[in-house]
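Student: Here is a predicted model. Can we go through its pocket and its aromatic contacts?

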Amino acid sequence: MYIGVDCGTQSTKVVVLDGERLEILGEAARPHSMIQGDHGRREQDPDEWVSAFEAALAEALERAGVDGGAVRAIGVSGQQHGMVALDAEGRPVHPGKLWCDTESVRENDALIEALGGERGCLERLGLVLQTGYTASKVAWLRKHHYDAYARIETLLLPHDYLNYYLTGERVAEYGDASGTGYFDTRERCWSLDTFALIAPELDPDRVLPRLIEPDAPAGRLRPEIARRLGLGPQVVVSSGGGDNMMGAIGTGNIAPGTMTISLGTSGTLYAAAEGPAISSNGLVANFCSSHGGWLPLICTMNVTSATTLVRELLGYDIERFNAAAADAPVGAGGITVLPFFNGERVPPLPEAMATFEGLGSHNFTPANLCRAVMEGATFGLRYGFDELSRLTGHPGRVRLVGGGAKSAVWRQMVSDVMDVELACPEVGEAAALGAALQAIWCERRQAGESLDLESLCERAVGLREETLTRPDAGRVAGYAEAYTRYLKILGQRYPVTRAG
């Protein structure tokens with residue numbers, strides 16, 4: 001048996017996977033709370049991730065009817081970019097600052113300038129620093145909480161922290177490390193000169209974790225943790241990775257030709273590549289994958305987080321919200337939403353605010369508002385889709401995941417807006433499944449088996465036929481007009497954007 005863990009923004013999910021039949025036998029989840037404040041502060045207590053994991057693991061094993069002694073390996077997926085800064089005792093010196101935290105926007109701007117602008121970032125790192133990355137969070141801590149910064153002995157990402165809790169080892173793998181902002185994504189190594197600009201007082205040999213290959217183990221369970229969890233002492237913990245990297249494995253997106261789009265709290269689009277994929281404008285992040293290649297990626301900040309705000313404002317449950325959106329016409333009666341409630345990453349507008357354009361007495365209806373915010377979130381993804389497709393090619397297949405993918409209305413909208421065929425994987429928890437598959441790959445390679453991850457994914461990742469969605473020619477034309485309107489408003493509001 002193999003355990004897949006996904007430590008996300010809102011919860012930690014655990015799945016129990018039968019390694020022979022590649023069937024999920026049990027799953028469970030536990031929520032996290034959020035520390036929010038002015039200026040875009042978004043933080044969490046790392047201890048909550050541990051507590052959520054322990055409770056979800058116990059329930060998942062119980063639901064699966066599996067004894068903990070049967071578990072052979074664990075793989076951990078985690079939300080990317082979060083700063084987990086630990087002292088000499090392994091305790092956080094500050095709450096974990098999350099990917100969606102934009103409090104460090106000024107520090108990020110200063111770092112980009114110090115690196116020689118966007119061109120300098122691309123030359124040194126293979127990507128352009130974003131406010132959500134770890135680098136600016138470290139610089140922010142140094143500027144605003146120097147006493148805490150001075151106590152840093154280790155800098156980890158969220159999934160690294162769970163690996164550290166499980167094994168006592170301070171390690172990182174290339175995929176998740178790509179999103180720190182002090183990692184050379186071409187050469188797959190820490191960018192020590194960049195780190196020196198960010199944290200000149202910190203010794204990188206001391207505070208940065210050891211880098212390992214994606215098929216290498218982070219370690220084995222510490223005996224005291226094995227006893228606490230009711231697992232055997234020889235359980236292997238794989239390298240794990242960022243949630244997008246694990247989602248790529250969990251959707252079978254590990255070879256060119258496929259794109260995964262996630263309709264989650266944020267939106268992500270990524271496609272496997274065999275070599276570095278550097279965009280000239282820096283909008284595509286040249287991340288490494290967690291299966292040995294590269295995973296060029298685009299992230300938008302406002303997807304279900306935006307639709308949830310409008311849904312809750314209207315007092316609708318999800319079913320009623322989807323029904324209302326379905327009742328409204330393509331283009332939402334002329335209403336256009338820039339849904340930047342949390343700022344935006346692509347295009348890079350960390351301090352942007354949400355706007356509703358084109359409102360009038362003739363179209364101000366709940367149905368139009370529901371459809372308009374759903375369309376606005378999808379147009380943001382289209383902006384990223386065009387950028388990524390220019391770099392990796394138009395995808396032959398799209399795998400749609402995330403909470404929003406459960407909506408047939410939203411699936412059809414994505415298909416029409418992107419003019420692409422899509423389907424949802426049978427397993428909705430793609431990141432947790434990917435983590436479990438990576439754990440199999442790692443554990444069996446350690447045992448001397450020459451297991452191929454691609455063939456493993458082919459066996460494990462199926463598609464739900466009822467979700468197969470093809471674009472409708474009439475709606476494709478209608479959305480081309482509505483998207484042009486979106487780009488025009490975007491350019492008027494934010495002239496610095498590089499609209500596709």
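Student: Which helix gives the largest share of the lining of the largest pocket?
Tutor: This pocket holds about 1300 Å³ of space. Its lining has 50 residues, and L263, G264, T265, G402 and G403 lie nearest the centre. By class, 17 are nonpolar, 24 polar and 9 charged. The largest share, 4 residues, comes from helix α12.

Student: What do the buried residues of α3 pack against?
Tutor: Helix α3 spans residues 117–125, and G117, G120, C121, L122 and L125 are buried there. Just after α3, G126 takes a positive phi of about 85°. The buried residues of α3 pack against α2, β11 and α8.

Student: How are the rings of W49 and Y161 arranged?
Tutor: W49 sits in helix α1 and Y161 in helix α6, 112 residues apart. W49 counts as buried because its relative accessibility is 1%, under the 20% cut-off. Y161, at 5%, is buried too. Their centres are 6.3 Å apart with 75° between the planes, and the pair is edge-to-face.

Student: Which two helices does the pair of F379 and Y479 tie together?
Tutor: The ring centres are 6.1 Å apart and the planes lie at 75°, so this pair is edge-to-face. F379 and Y479 are both buried. The partners are 100 residues apart in sequence, in helices α14 and α18.

Student: Over which ring does the charged end of K97 sit?
Tutor: R188 lies over the face of W294, 4.0 Å from the ring centre. For K97, the distance to the ring centre is 3.9 Å, and the ring is that of W140.

Definitions and conventions
Residues are numbered from 1 along each chain as its sequence is written. This is a predicted model: local features need pLDDT of at least 70, side-chain atom pairs count only at pLDDT 80 or more; totals for chains, interfaces and linings use all residues. Side-chain values use heavy atoms; hydrogens and water are left out. On a 1 Å grid over the protein atoms alone, a cavity is a set of points where a 1.4 Å probe fits but cannot get out, and a pocket is an open set with protein on both sides within 12 Å along at least five of seven lines; lining residues have an atom within 4 Å of a point. Grid points are joined across faces, edges and corners, and a volume is the space filled by probe spheres set on the points. Ala, Val, Leu, Ile, Met, Phe, Trp, Tyr, Cys and Pro count as nonpolar, Asp, Glu, Lys and Arg as charged, and the others, Gly among them, as polar. Buried means under 20% relative accessible area, exposed over 50%, partly exposed in between (1.4 Å probe, protein chains only). Contact means heavy atoms within 4.5 Å. Rings of Phe, Tyr and Trp (its six-membered ring) pair if their centres lie within 6.5 Å; planes under 30 degrees apart count as stacked, over 60 as edge-to-face and the rest as tilted. A charge sits over a ring if NZ of Lys or CZ of Arg is within 6 Å of the ring centre and within 35 degrees of the ring normal.
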